[in-house]
Structure formats: structure tokens, C-alpha cells
Amino acid sequence: MRVLVACSWFLKYALEQAAALRAAGADVTLVCRSRADEFGGRSDELKERLQTAADAQVRLRLVPGRISDVRAAPVIARTFLQIRQWRPQVVHAHDNEDPRLLAMTMGYPSVLTVHDPEPHAGAVSPGRIQEAVRRRWIERADVLHVHGESLVPSMRAARPGARIVAIPH
């Protein structure tokens, strides 16, 4: 099975998932942003983690720059074409607000892991565009995945009638 794992954040989680899917026999591509923000800005840790995934034979597609960086357009276009040529059988995305990742993965059956169905206390509210992109990810997912039964009601309120699966981590 060809599985495309997509994330903008939660890369540590997605890398382990991609490597485990590969070990189970899936053909896996991971598309993610190339920024080390999640690693406290430590690009050496990001490179180390990405190398671990590459060593596990996970195909990597890095999306450079900020969401609004037009200089990333050639890489975005190339990555989009590579994904289309590879034709994933399923996309497993992790909750994100990146419209580029959303566009790259449209048209394929999808699972979305929603890590935080409700904002944490004190969390910064996303802007209107980010919220719209996140909402579109939720609306288009064939299956929504949350990390506990207690999160299902929040997800159900966000998307009534959706197929929601709770798998604790």
C-alpha cells in the first residue's frame, strides 16, 4: 500500500508513524515542512530525525519556507507532481494549517489525526485563513483520528456524522 503521511507540525510523531508503516511493508512518503520550529529551532535535530526516516526507507519530500514564501513555489510544484505520479492510496495527515499540504493531498482517501480538537488554555488563536484551512482538512477527511475517547464528542461537534476513531497514544 502507498501511504502519504503529511504534516506541518507533529513531525516527531509523523516520522515514527512513517517508519512503522514502512517496517510493516507499506511504501511510504512523508511530506513535511523543512523548518525546525518544532525542534526549538535546532536544525541538527531535524536533520538527524529526517535521516532516521530516510534510513528506514521512508521517501521524504520537504516543503521549504513559510506558507506565504513565493520562492518555495518551484519546490511546491515539483512535490505536487511527484505525489500525483506516485498516486498514494491513502493520505494520513496530521492536524495542520498549511494550504500547500492540503492542495498537494486533495483527491485521495484521507485520515486526519486531530491532535487537539479543542485549543489548550492560553493557546494563541489562529487567524481566519489558518482556521479555514484546518476546517477544510477536517471536512474532507474520510476518517478523523483522535487520541482518546474523551475527545470524540468535541470532534463529533465539529463534524457531525463523521467516522471518528479514537486510538490512545
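Trainee: Which way do the residues of strand E5 point, and are they buried or exposed?
Mentor: In E5 (residues 110–113), Ser110 and Leu112 point one way, Val111 and Thr113 point the other way, and all are buried. Buried means under 20% relative accessible area, exposed over 50%, and partly exposed in between, with a 1.4 Å probe and protein chains only. In a regular strand the side chains alternate between the two faces of the sheet.

Trainee: Before we go on, what are we looking at, and what do the names refer to?
Mentor: This is a predicted model, where local features need pLDDT of at least 70, side-chain atom pairs count only at pLDDT 80 or more, and totals for chains, interfaces and linings use all residues. Residues are numbered from 1 along each chain as its sequence is written, and side-chain values use heavy atoms, with hydrogens and water left out. Helices (H or I, at least four residues) and strands (E, at least two) are DSSP runs, numbered from the N terminus.

Trainee: What does E5 pair with?
Mentor: Strand E4 (residues 90–94) is joined to E5 by four bridges, and the two run parallel. On E6 (residues 143–146), E5 pairs in the parallel sense over three bridges. Two strands pair if DSSP finds at least two bridges between them.

Trainee: Which residues are the bridge partners of Leu112?
Mentor: Ala93 has Leu112 as its bridge partner in E5, and in E6 the partner of Leu112 is Leu144.

Trainee: What is the order of strands in the sheet?
Mentor: E3-E2-E1-E4-E5-E6-E7, seven strands in an open sheet with parallel pairing. E3 and E7 (164–166) are the edge strands, each pairing on one side only. From one strand to the next the twist averages 20°. Axes are lines fitted to C-alpha atoms, for helices over the stretch in contact, and angles run from 0 to 180 degrees between N-to-C directions.

Trainee: Why is E2 described as largely enclosed?
Mentor: Six of the seven residues of E2 (residues 27–33) are buried, so the rest of the structure largely encloses this strand. E2 is joined to E1 (residues 2–7) by six bridges, running parallel, with Val5 partnered by Leu30. Five bridges join E2 to E3 (residues 59–63), also parallel, and Cys32 stands opposite Leu62 there.

Trainee: What handedness do the crossovers at E2 have?
Mentor: E1, H1 (residues 11–23) and E2 make a right-handed β-α-β unit, and E2, H2 (residues 43–55) and E3 make a right-handed one. A crossover is right-handed if, with the strands pointing away from the viewer, the path from the first strand over the helix to the second runs clockwise.

Trainee: How do H1 and H2 pack?
Mentor: Their angle is about 15° and their axes are 9 Å apart. H1 and H2 are therefore roughly parallel to each other; angles under 35 degrees count as roughly parallel, over 145 as roughly antiparallel, 65 to 115 as roughly perpendicular and the rest as oblique. Leu11, Lys12 and Leu15 in H1 meet Glu45, Leu46, Arg49, Leu50 and Ala53 in H2, where contact means heavy atoms within 4.5 Å.

Trainee: Switching topic, where is Pro99?
Mentor: Pro99 is in helix H4 and is partly exposed, with a relative accessible area of 30%. Not counting residues up to four places away in sequence, Pro99 touches Ile67 and Val133.
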